[in-house]
Amino acid sequence: LTVVEASPETGRTHQIRVHAASLGHAIVGDPLYGDGRPVRLSSFKRGWKGDPFEERPLIERLTLHAARLRFEDKSFTAPLARDLTALVSQMEKSSGEDFGLAEFRP
């Protein structure tokens, strides 16, 4: 899994999703251009020892987030939703890296 910052150029609604999929890296949870599968901790945490039948997904939806919207003279930011925050936190713990998303966390 990778956290990517992308900015659409044309305004087409599926631009980021289509381009990511065409590069072989569909957005996690994308039911149209990817496999739509939920993300589970066991899928990326080394040494995970939980019960595979009891494991609940960290996130079960398209993991695309509009962090910033800019219009001519206005700009808006939105914090990450709880499920995305939980996923990113687990990814950071697993990798030992800080993905620099502090400004978008609630």
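A contact here means that heavy atoms lie within 4.5 Å, and on that basis residues 24 or more positions apart account for 41% of the contacts in the chain with a separation of 6 or more. The structure is a predicted model, and its chain has 106 residues, of which 22% count as buried.

**Fold and dimensions**
- The secondary structure of the chain consists of two helices and two strands, and these elements follow the pattern α-β-β-α when read along the sequence.
- Taken along the principal axes, the box filled by the C-alpha atoms of the chain is roughly 50 × 30 × 20 Å.

**Surface and charge**
- The chain has an accessible surface of about 8,200 Å², and carbon and sulfur atoms contribute 51% of that area.

**A nonpolar surface patch and Val-18**
- Val-18, Leu-32 and Tyr-33 form a nonpolar patch on the surface, and together these residues have about 250 Å² of accessible area.

Terms used:
Residues are numbered from 1 along each chain as its sequence is written. This is a predicted model: local features need pLDDT of at least 70, side-chain atom pairs count only at pLDDT 80 or more; totals for chains, interfaces and linings use all residues. Side-chain values use heavy atoms; hydrogens and water are left out. Patches are made of residues with over 30% relative accessible area and no salt bridge: like charges are joined within 9 Å, nonpolar side chains (Val, Leu, Ile, Met, Phe, Trp, Tyr) within 5 Å. Accessible areas come from the Shrake-Rupley method with a 1.4 Å probe; for residues, only the protein chains shown count as cover. A salt bridge is a side-chain nitrogen of Lys or Arg within 4 Å of a carboxyl oxygen of Asp or Glu. Helices (H or I, at least four residues) and strands (E, at least two) are DSSP runs, numbered from the N terminus. Buried means under 20% relative accessible area, exposed over 50%, partly exposed in between (1.4 Å probe, protein chains only).
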